[in-house]
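Let's take a walk through this structure together. Have a look at the chains first, then read on.

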Amino acid sequence: MSGARGSLLSVEHLTMRFGGLVAVDDLSFDAPAERITALIGPNGAGKTTVFNCLTGFYQPTAGRMTLRHPRRGDFLLERMEGYAIPAQAGVARTFQNIRLFPGMSVLENLLVAQHNALMRASGYTVGALLGIGHFGTAERRAVDHARYWIDRVGLIDRADADAGSLPYGAQRQLEIVRAMCTEPVLLCLDEPAAGLNARESAALNELLMFIRDEHKVTLLLIEHDMRVVMEISDHVVVLDYGCKISDGTPASVRNDPAVIRAYLGEDEDEAQEAPTQP
Amino acid sequence: MGYFLQQLINGLTLGMIYGLIAIGYTMVYGIIGMINFAHGEIFMIGAFISIITFMVLGLIGIGWVPLALLIVLCATMLLTSVYGWALERVAYRPLRHSPRLAALITAIGMSIFLQNYVQLLQGARVKPLQPVITGGLRFFEDGRFAVSFSYLQMLIIVLTISLMIGFTILINRTALGRAQRACQQDLGMASLIGIDVDRTIALTFVMGASLASVAGLMFLLNYGVIDFYIGFHAGVKAFTAAVLGGIGSVPGAMLGGLLIGLIEAFWSAYFTVEYKDVAAFAILVMVLIFRPTGLLGKPDVEKV
Amino acid sequence: MNAPQTSAFDFSRALKEAGLIAGAVVLLAIGLVGFRTVDVPGGIGLITRFDDVVAAAVLAFVGRLGIALLRANRPRPVLGVSLAFAIALTALLVHGALSETASAAQRLLPFASTVVNWVIAIVAWILAARAARLVWHAASDMSADDREARMDRLGARVQEWARFVGPVLLGIAIMLPFLPWTDRRLLDIGILVVTYIMLGWGLNIVVGLAGLLDLGYVAFYAVGAYSYALIAAHFDLGFWICLPLAGIMASFAGVLLGFPVLRLRGDYLAIVTLGFGEMVRIILINWYTFTKGPDGLSGIPRPSFFGLPFTRDPPEGVESFHSFFGLEYSSIDRIVFLYYVILALALVTNLFTLRIRKLPVGRAWEALREDETACRSLGVHPRNTKLTAFALGAMFGGIGGSFFATRQGFISPESFTFIESAIILAIVVLGGMGSQIGVVFAAILLIGLPEFFRDLNQYRMLAFGLAMVAIMVWRPRGLLAHREPTVRLSDHPPPSGGVQPAPRQ
């Protein structure tokens with residue numbers, strides 16, 4: 001690890017209450033820049049809730065989430081509107097239940113991701129309608145950008161096929177590269193390995209490490225698949241019932257008794273398997 | 001003061017009629033997530049069947065009002081329910097797994113069909129009925145304005161309240177009610193644990209239709225005249241009431257209905273009669289801006 | 001292909017089901033069909049028509065039995081009975097139509113109404129045809145999904161020849177006024193159909209592309225019409241200036257309505273837009289000083305051919321259209337001109353839509369329709385995007401309204417009821433959401449066709465409602481629901497040197 005790298009994302013005392021239920025309780029952690037941070041924990045621990053707070057789908061009850069964009073300065077995510085977070089702060093995400101645009105083609109999905117840049121280039125539509133401005137060039141650039149990512153995940157042959165017609169594994173990958181087309185600095189992935197077999201998980205690992213290393217993007221992922229977590233994360237945060245119970249490198253977390261208790265229950269004499277995908 | 005009280009009584013009675021119709025909308029929406037656009041026409045059919053039954057009773061010589069009312073009530077509830085059942089069976093069940101817009105268009109189509117069906121069979125002119133229930137109580141206020149609380153209005157209120165009580169017991173205490181609430185929560189799961197989803201949905205439509213038919217009867221008695229177009233107007237208002245109260249919530253539907261009835265009565269009395277519908281509607285928009293799921297609706301927590 | 005299934009036919013169950021259906025029909029019919037209210041001096045009276053009820057019940061029973069037999073793959077009895085019935089009924093009806101006096105045999109007809117009898121005859125023929133098909137070809141064991149897939153492929157193929165059908169239809173449309181059989185009536189129908197096509201294309205932007213449930217489109221139509229009428233009456237600007245002005249007023253109304261309500265969920269948006277449509281109508285009826293209420297606005301200036309009026313006797317010093325071109329005056333000239341105007345307006349709407357679908361905002365509309373949450377996560381501003389769709393749709397509605405005003409010369413709130421919104425929405429949905437050519441077909445089917453059955457006017461709306469239901473049940477996604485992507489990878493071949501790396505951040 002090279003020195004003088006700060007955290008891209010600082011979450012401080014994040015709390016989310018739904019009526020009487022406390023989903024996230026005073027959570028604080030940092031996601032170091034250009035590293036992969038994994039958020040793990042038993043089901044119901046509040047991981048997706050954290051994501052939803054980060055990406056503007058929920059308004060947190062309390063707490064602060066600071067994103068330190070390398071070129072645009074700091075953003076307080078809890079104060080921003082949902083659509084502004086990807087557009088300005090550069091935070092992109094994928095969803096637990098894949099949310100592609102199923103009736104639109106693969107290429108079109110990736111072009112929607114580049115919406116804001118294209119809108120500006122089209123003179124907010126008016127320019128392009130009247131034929132002024134350089135929309136054609138901008139669109140070509142956007143298609144090239146999309147082509148790069150489509151090629152990266154091996155979907156070039158199916159670039160014009162409906163996204164909904166792709167097999168499950170390809171859809172997961174498409175969702176990730178679509179998020180990459182928004183040129184984010186932080187990519188939040190919600191269970192990207194869910195439903196993938198061993199080969200597909202390996203391909204996913206490769207893709208994620210490629211994104212981290214070649215594109216210098218910080219990743220934050222929620223995962224249950226420990227293969228993925230242990231193999232590629234640089235930093236792991238463990239949640240249970242909304243509270244952080246461990247925070248550190250994958251090796252330290254794996255051996256943390258608090259974590260083992262959370263996953264396997266109180267009785268430590270039971271067979272100690274590394275927690276695997278349920 | 002007397003004037004105010006009068007508007008209150010008028011508004012509440014009108015509101016109960018809307019509320020009964022609104023319950024039908026909200027139940028159907030709650031269980032299959034579609035707007036039953038033709039529900040207003042069911043109300044209208046209830047009114048028509050009521051007037052016809054009255055006329056038949058008149059022709060065969062049953063004149064005693066309580067008996068006649070009872071017969072009309074039973075006849076209209078029974079016959080209108082069959083329309084509700086048929087509507088679901090023919091137009092909505094085939095589209096249960098289709099996009100919602102398709103179901104909406106079908107519903108609008110059925111609404112147009114039923115309107116014209118009645119118009120062709122019964123004629124396009126208005127149908128008047130001799131007043132059946134007359135008389136009432138009068139409270140003299142200041143000697144200038146007398147507040148009248150007619151027996152008909154009392155009947156409407158009593159009938160509606162009893163129906164609401166019976167209905168709530170049905171929903172909360174019986175197996176059918178449980179099945180309905182289960183379907184409302186999760187249709188797929190309900191069928192997996194053995195609930196006859198088709199039957200539950202059909203019964204939902206039947207219940208909504210019977211309540212709407214009672215509303216139709218009350219409308220007929222209250223206004224003394226009906227035509228084939230009352231379904232559309234009452235339907236829009238009742239649907240507004242259902243949304244206002246929180247679509248999917250039965251008490252919300254009745255609350256919404258009462259509110260719309262009161263707004264109409266007070267606005268026509270204190271401002272202008274022409275814009276009463278505009279007022280009711282504007283209030284709906286206001287409420288939705290601040291409480292997008294209606295007054296008693298559950299906040300829609302997005303599952304992301 | 002699987003062998004046809006000939007299961008043992010459960011006759012008693014089929015009888016029971018048919019009996020249940022017949023019973024339901026009796027209950028349905030007894031109230032409203034069995035008893036009819038009629039106007040008598042002093043109020044209303046009651047007549048009975050129980051034979052209609054009985055006929056309906058019997059037919060329902062027999063029909064249901066027939067369908068059950070067809071489903072169990074026993075078509076022969078169905079073929080025999082339905083064919084005999086169809087032939088007999090049709091013969092009676094034709095005889096009744098041709099002969100002057102009613103014969104005794106007419107009493108055998110099931111219903112009093114001729115139209116209903118014809119409908120029953122048609123249903124019998126259809127049943128006979130299906131039975132015949134089953135007799136000659138074994139029933140294929142296609143599941144509902146297979147049928148849907150087959151229809152989809154058919155839809156895709158139709159969409160392909162839509163490429164040719166489109167220009168052909170356009171050619172016919174352009175040549176219409178000069179075709180030998182075109183008379184005033186056909187031109188009027190043409191103008192009506194093209195107006196609805198334009199309105200359908202306008203609403204298509206809102207409902208088809210952006211997926212916003214708008215049940216009050218007639219409001220923008222009305223705003224356009226009244227704006228045009230008032231502007232044209234008070235300021236002496238020509239048709240071609242007032243038209244876009246009215247369109248702008250309508251899109252203002254769209255923004256005004258859209259701003260507070262577009263964040264509402266689908267069904268709430270539906271009721272709010274419906275209410276808005278009604279509100280506009282009520283305001284039009286009651287704001288007498290401004291809109292002259294139910295009396296309406298008359299004397300709306302008719303369009304001229306760029307300054308040349310279409311009158312027989314133009315005022316002093318003004319040349320008329322026909323004198324300028326050295327033609328004989330014919331009252332149909334104005335109609336032809338109007339036809340071309342609406343055709344041009346519709347084509348502008350179409351070209352605009354086709355163009356904007358390829359622009360980012362158009363793509364964002366479709367993405368919003370598919371999944372709004374995903375859009376938000378990609379930085380798309382939902383409300384502004386929806387507002388744009390709404391405003392543009394409103395603008396085209398308003399322009400359509402202006403045309404309507406100038407064509408009629410007179411407008412009143414009666415023309416702007418909810419039914420219009422419903423018709424336009426039906427055209428969009430029935431045609432296939434987002435499909436431009438689908439709108440054309442739907443408009444021809446729903447507007448054009450009934451015009452030829454003008455004499456059956458009272459049954460028109462009934463048939464319309466029935467058609468809406470039937471088409472939706474048969475094809476829930478619309479007649480032509482296939483979607484082509486707006487951009488293909490091959491449109492932008494990679495620069496030489498292969499795939500470029502993504503630009504550095």
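Before we start: domain bounds here come from an automatic or database domain assignment. Keep in mind, too, that this is a predicted model.

Chain A splits into domain 1 (1–90 + 183–278) and domain 2 (101–182). Between the C-alpha centres of domain 1 and domain 2 of chain A there are 27 Å.

## Where the domains touch

How many residues of domain 1 of chain A are in contact with domain 2 of chain A? There are 12, and they meet 10 residues of domain 2 of chain A. H8(A) has the largest share, with 3 residues. Sorted by class, that side of domain 1 has 9 nonpolar, 1 polar and 2 charged residues.

## Chain C meets chain B

Now for the contact between chains: 48 residues of chain C and 52 residues of chain B take part. Elements giving two or more residues to chain C's side include helix H1 (11–34), strand E1 (35–40) and helix H9 (266–286) of chain C. H9(C) gives the most, 12 residues. That side of chain C is made up of 34 nonpolar, 8 polar and 6 charged residues.

## A helix in chain C

Helix H3 of chain C (residues 75–98) has 24 residues, so at 1.5 Å a residue it should span 34 Å; its end C-alpha atoms are 33 Å apart, which agrees.

Among the buried residues of H3(C) are Val78(C), Leu79(C) and Phe85(C). The buried residues of H3(C) pack against helix H2 (50–71) and helix H4 (114–136) of chain C.

How values were computed. Residues numbered from 1 in each chain as written. Chains lettered and ligands numbered in written order. Predicted model: local features only at pLDDT ≥ 70, side-chain atom pairs only at ≥ 80, totals over all residues. Helix = DSSP H or I, 4+ residues; strand = E, 2+ residues; numbered from the N terminus. Expected span 1.5 Å × (residues − 1). Buried ≥ 20, exposed ≤ 12 C-beta atoms within 10 Å, placed from the backbone. Contact = placed C-beta atoms within 7 Å. Nonpolar A, V, L, I, M, F, W, Y, C, P; charged D, E, K, R; others polar.
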